[in-house]
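Subject: Structure handover

Hello,

Here is the structure I promised to pass on. Please open it first, then read my notes below.

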Amino acid sequence: MERCFPFQTSVTVYKAYTRVESDANTIARALTAQTAETDAIRFLVGTQSLKFDNQITNEPKRLSSENRVLTCAAVWRMPPEWESGSHESPDDSSNNPQTLELLCHLDNTAHGSVACVLWEPLGDGKRVISLAENHVLLWDLQESSTKATISSTATLEGKGQLKFTAGKWSPHHNSTQLVTANDTAIRGWDLRSMSQIYCIENAHGQLVRDLDFNPNKQYYLASCGDDCKVKFWDVRHINEPVKCLEEHSHWVWSVRYNHSHDQLLLTGSSDSRVILSNMVSISSEPFGHLVDDDDLSDNEENQQEDKGKEPLQDSIIATYEEHEDSVYAVEWSAADPWLFASLSYDGRLVINRVPRALKYRILL
């Protein structure tokens, strides 16, 4: 959460992908698409070191309490040049580094270090969740986002020193649900009562690293972890996963559903690979057309028609090996559903596209 940087570094274009290089000593772990930007393709990278003319802010927020260094969070306003509709990159018109406007800090000093911050997926962007140690903090942003106040909290209780490792705000159920990971467990929360609604104990054999909701199926969730596995869950039936992938040979750090075509799934791992999977059998179009879980039983005609069909087969579409270090993050573009980025520990950002043949097979 310390710094955010655009990917305006030296770019080398290859036939299959675009590779963006940073300084040799860069340590990079955080990657996100500029979600509200649906015209220009933009990604933000978080790193601990980068060339001066690439940084858009160099003001980390670290607080020391009782000889401890806390990771903290803040709300920033993007540069005016990044307003929606502007297709110029911030450095096209000037060599000066861009500066973010600090709006407010999320003061979590009483709750410990922040593991992640989540924007409300729907609504006016005035609500934010931070996961700090074993606390869920729901923030309201007021006065043009220049002030943040805690509106409600929840605490993870149990034996030992419990800490959240990941979280995801559900885009379904009117943004009233949250899922979190701590150690090997996955927990669902109702944000209206700030209470747990389900718990998947031992969801993975080792630490759970990341989570993501299927954008088209409200009860479906993907998780990944240090057991090298990617698992798919129906949170109505949590006794066992719906599906499990074991394609990676080391810790899986990141999992992401495609925002538009939920059969497409990205994973990134410490084995230095990015894998693009076609999980069509558990998607919203298992037979090649849209199927709604809740409406299927009411639509007898379609149910009879599909009864004689087998769901389309899942497959690994491609394995990308352009990275030479652990891949900590993968993200889909918010502007182009067929384009995605991956980031490795050494600061290398790689841009790839879904193979054209698969794209047209999905569309047609």
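Four strands form an open sheet in the order β22-β23-β24-β25, with antiparallel pairing. Its edge strands, each pairing on one side only, are β22 (252–257) and β25 (315–320). From one strand to the next, the twist averages 20°. Angles run from 0 to 180 degrees between N-to-C directions, with axes fitted as lines to C-alpha atoms. Strands here are DSSP runs of E, at least two residues, numbered from the N terminus. Two strands pair if DSSP finds at least two bridges between them.

This is a predicted model: local features need pLDDT of at least 70, side-chain atom pairs count only at pLDDT 80 or more, and totals for chains, interfaces and linings use all residues. Residues are numbered from 1 along each chain as its sequence is written, and side-chain values use heavy atoms, leaving out hydrogens and water.

Back to the sheet. Strand β24 (residues 274–278) runs antiparallel to β25, and five bridges join them. V274 has Y320 in β25 as its bridge partner.

Y320 also belongs to a nonpolar core of 14 residues, which includes L264, L266 and A318. Such a core is a set of buried Ala, Val, Leu, Ile, Met, Phe, Trp, Tyr and Cys residues joined through side-chain atoms within 4.5 Å. Buried means under 20% relative accessible area (1.4 Å probe, protein chains only).

Of its 15 residues, I129, L131, V136, L178 and W189 touch the most other members. Strands β10 (114–119), β11 (127–132) and β12 (135–142) each give two or more residues to this core.

Best wishes

Notes. Buried means under 20% relative accessible area, exposed over 50%, partly exposed in between (1.4 Å probe, protein chains only).
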